[in-house]
Amino acid sequence: MYSIASEDNASCSPTPSHPYTSYITIVSCFASMIGSVLIILTFVLWKDFRTIGRSILVFLAITDFFAALGYMFGAAITLTWRENLLNQTLYGRMCVAQSFITSFFPISSFMWTLNLAIYVLAVLVLKKEGRAIWKLLVVFHLAAWGIPLLVCLLGVGFGEFGQGNVSSPLTSVDWCFIKYNGDKVKYFVFEAVCGKFWEIITYVASLVIYIIIKRKAKLTDINAIPQAKYWSTVLVHRMTVAASEFDRKLIWIPLIFILFRMWGTLRFFLSFGCNFDCIRSCAADNIGLMVMQSIFDPAQGWGNALLFVVFHKPTVSRMCPCVLKVYDTLCMLCSCCKRDGLDSPLLGSGKQTHGDNSLLLGSSKRAHDGNSVNKN
């Protein structure tokens, strides 16, 4: 990362010695944007994918798309404007705007990641449905858009976004975030409030929730579903296979989030003991950690696309039937999917068994019809 430093501190302060991290960031951002678009397209193109769970994933994809766009913009202005002293005022304004974007949308992404976990918990463990689910969705939207907005307005109001006397290379790489102007405590408080606090909360809460789901939901016990007595043997088998696939995938949702975001969090904690007048002596300025953060901080979009598009066979079979042979080969090598796994009960499915799988989530018309029949 770059900084504006005095000549006395020139030997200590960071220099643009690793410009390739900007290019790495841009490539990762582009891949994440493509992954987010693929998730959104599955929802738009096919009606039987329009479940409540998939809609939550779509909002997550939207926030990941704009977060990646913000990171890409930050890397681009770092490459093209940072050293242009004639345009420092313009760079500063762009830096503040980019900081707002890369605070608002990542925090919103954290909220939607947590919302997805809460939704699955509510449906599979707490057995919520109907009006209770719709009320929950209202709360999800209020939290996922309201909290980031309040946080970002706080950052703007206190003038903490942008570039200070020393750049902030400790929790970002090639994008602007919180400015440092000598007050280390204030710097870390706003670093936490405008991102890291919500990120760590999401780490812990989502992991705990998914562990509870795996322990309590009994996903593979299809016979426990009231409607199961009306199903054929073939349908029960298909549902069992799909539930088993979902059960295997379940733990990957928080793990992908943690594995992708942990590098910036690690640098955040390492920076606590840093002397900001000599950043190069700080463990957080490690080039390996910076490269990993450049790759994975913007990467949530393509990570989710791998899980819910690439390794979701109904999606693959519709988007490109010609790649099914490659898909089957990958499935032989990867335990996250199987050849006979027709679809996933979490986020919508293929045409064959969508309504039936949605019974696990209470999100399809056929599920509600089945419930009404049982009540009568």
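Student: In which hand does α4 cross α5?

Tutor: This is a predicted model. In it, the crossing of α4 past α5 is left-handed.

Student: Which residues of α4 and α5 make the contact?

Tutor: From α4 come I147, V151, L154 and G155. From α5 come F190, V193, C194 and W198. Sorted by class, that contact has 7 nonpolar residues, 1 polar and no charged ones.

Student: Are α4 and α5 roughly parallel or roughly antiparallel, and why?

Tutor: Start with the angle. Angles over 145 degrees count as roughly antiparallel. Helix α4 (residues 131–157) and helix α5 (residues 184–216) pack at about 160°, and their axes are 9 Å apart. The two helices are therefore roughly antiparallel.

Student: Now the cysteines. How many disulfides does a search of the whole structure find?

Tutor: First the idea. A disulfide is a covalent bond between the sulfur atoms of two cysteines. The search finds 1 disulfide here. C95 and C176 form it, with sulfur atoms 1.8 Å apart.

Student: Which parts does the pair tie together?

Tutor: C95 lies in helix α3 (residues 88–124). C176 lies in the loop between β1 (161–162) and β2 (177–178), so the pair ties together parts 81 residues apart in sequence.

Student: Why is the disulfide of C95 and C176 called left-handed?

Tutor: Look at the torsion about its S-S bond. That torsion is about -120°, so the disulfide is left-handed.

Student: Is C194 buried or exposed?

Tutor: Buried means under 20% relative accessible area. C194 has 2%, so C194 is buried.

Terms used
Residues numbered from 1 in each chain as written. Predicted model: local features only at pLDDT ≥ 70, side-chain atom pairs only at ≥ 80, totals over all residues. Heavy atoms only, no water. Disulfide = S-S within 2.5 Å. Helix = DSSP H or I, 4+ residues; strand = E, 2+ residues; numbered from the N terminus. Buried < 20%, exposed > 50% of the residue type's maximum accessible area, 1.4 Å probe, protein only. Axes fitted to C-alpha atoms, helices over the stretch in contact; angles between N-to-C directions. Parallel < 35°, antiparallel > 145°, perpendicular 65-115°, else oblique. Left-handed = near helix turned anticlockwise from the far one by under 90°. Contact = heavy atoms within 4.5 Å. Nonpolar A, V, L, I, M, F, W, Y, C, P; charged D, E, K, R; others polar.
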